[in-house]
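Morning, everyone. Please look at the sequence and the model on the screen.

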Amino acid sequence: MANEVEELIIFLSIPSLPVKKEAVNIVRGLTGSEDGLRSLSNYANSLLRSLTRLLSEDKEVSEPAAEALVNLSQDARLAAKMVEIEMIKVAMDLLYKPGSSITRLLVMLLVNLTQLDDGITSLLQIGDEKMQGLYVMKLVRSFCRSGETDDPFDHVGSILVNISKKEDGRKMLMDPKRGLLKQVIRQFDSTSPLRQKGVSGTIKNCCFEAESQLQNLLLISEFLWPALLLPVAGNKVYREEDTSKMPPELGSALSIEREPVKDPEIRVQALEAIYLITLQEAGLRAFWSVNGPRILQVGYEDEEDPKVMRAYEQIGSLLVNSNGTEEPSTTTSK
């Protein structure tokens, strides 16, 4: 098998299109099995470089090459090697090449590579003062401009979740001068479950910075509270006596019938984000100011998933322990 793999890699670089096409299709097939991956991984350096070169060629070879790289990048060791040979730069350059037929595959490749710390650092362009944040800005812009059914940029939400797991990524997204998190949050009303999960996961991760960045979060509260509270507001149409105590963006949405958020993971992420915000005194006051406790009370009554119910109860305990069932005082005296 060793000699056969070596020959395949040689064929990937031969000028003849039919030969390259046949070779890359065989490689793609091998990446679909554990035995094939094991054989190919022994030649990672030459294989990955050869497949990378094919990404900029005709669709007949670029698509199977991209599929092979996506499969290979699921192996952490091979993904690390890809980051080392600047695969993220290659992917970002090709992602915006006019007429590209591998956009979705390149985005999926970036999802896998940003599961590594070094991959996140590479995408954030840390260390390059002039270019730092450019890739993320481009991805957010594409994520927010697109949105049609089965959009190739839907997976950008997963990239944002990955980079927001690191402090550098969270700070970049939350920088008010860049305004990236605000753009991302506004995508929560998408009909794509993948997008919704990406947005909710990104918000939750960013809320780990609530202690130091609460003001930046509250600056976008017009978009933040609907993204966090509507998924956990239950199915009922709210009464006017409740909605009158909410800002218009919440009250209007809860005054009518609406499609429930069916994914329990999104509901848990929303509740965890609310919890992180309400751990801060100013965050707790902001939560009360939008009638948040009432929304969670109604939502909890409709909830059936045990994990989601525990997330509700965690916030409930915080509310009770912080100041009973009354709205916190705005004074600082004890």
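First, the ground rules. This is a predicted model, so local features need pLDDT of at least 70 and side-chain atom pairs count only at pLDDT 80 or more, while totals for chains, interfaces and linings use all residues. Residues are numbered from 1 along each chain as its sequence is written, and side-chain values use heavy atoms, with hydrogens and water left out.

Start with the largest pocket. Its volume is about 750 Å³. A pocket here is an open set of points on a 1 Å grid over the protein atoms alone, where a 1.4 Å probe fits, with protein on both sides within 12 Å along at least five of seven lines. The volume is the space filled by probe spheres set on the points, which are joined across faces, edges and corners. Lining residues have an atom within 4 Å of a point.

There are 30 of them, and F188, L230, P231, E259 and V261 are the closest to the centre. Helices α16 (221–229), α18 (248–254) and α21 (292–302) each give two or more residues. Helices are DSSP runs of H or I, at least four residues, numbered from the N terminus. The largest share, four residues, is from α16. By class, the lining has 14 nonpolar, five polar and eleven charged residues. Charged means Asp, Glu, Lys and Arg; nonpolar means Ala, Val, Leu, Ile, Met, Phe, Trp, Tyr, Cys and Pro; the others, Gly among them, are polar.

Now the core. The largest nonpolar core holds 105 residues, with L51 and W225 making the most contacts inside it. Such a core joins buried Ala, Val, Leu, Ile, Met, Phe, Trp, Tyr and Cys residues through side-chain atoms within 4.5 Å. Buried is under 20% relative accessible area, with a 1.4 Å probe and protein chains only. Helix α19, residues 264–278, gives the largest share, eight residues.

Next, helix α11, residues 156–163. Seven of its eight residues are buried. Among them are V156, I159 and L160. What covers them includes α8, α10 and α14.

Last, the cysteines. C206 is buried, at 0% relative accessibility. C207 is buried too, at 1%.

Conventions: Buried < 20%, exposed > 50% of the residue type's maximum accessible area, 1.4 Å probe, protein only. Contact = heavy atoms within 4.5 Å.
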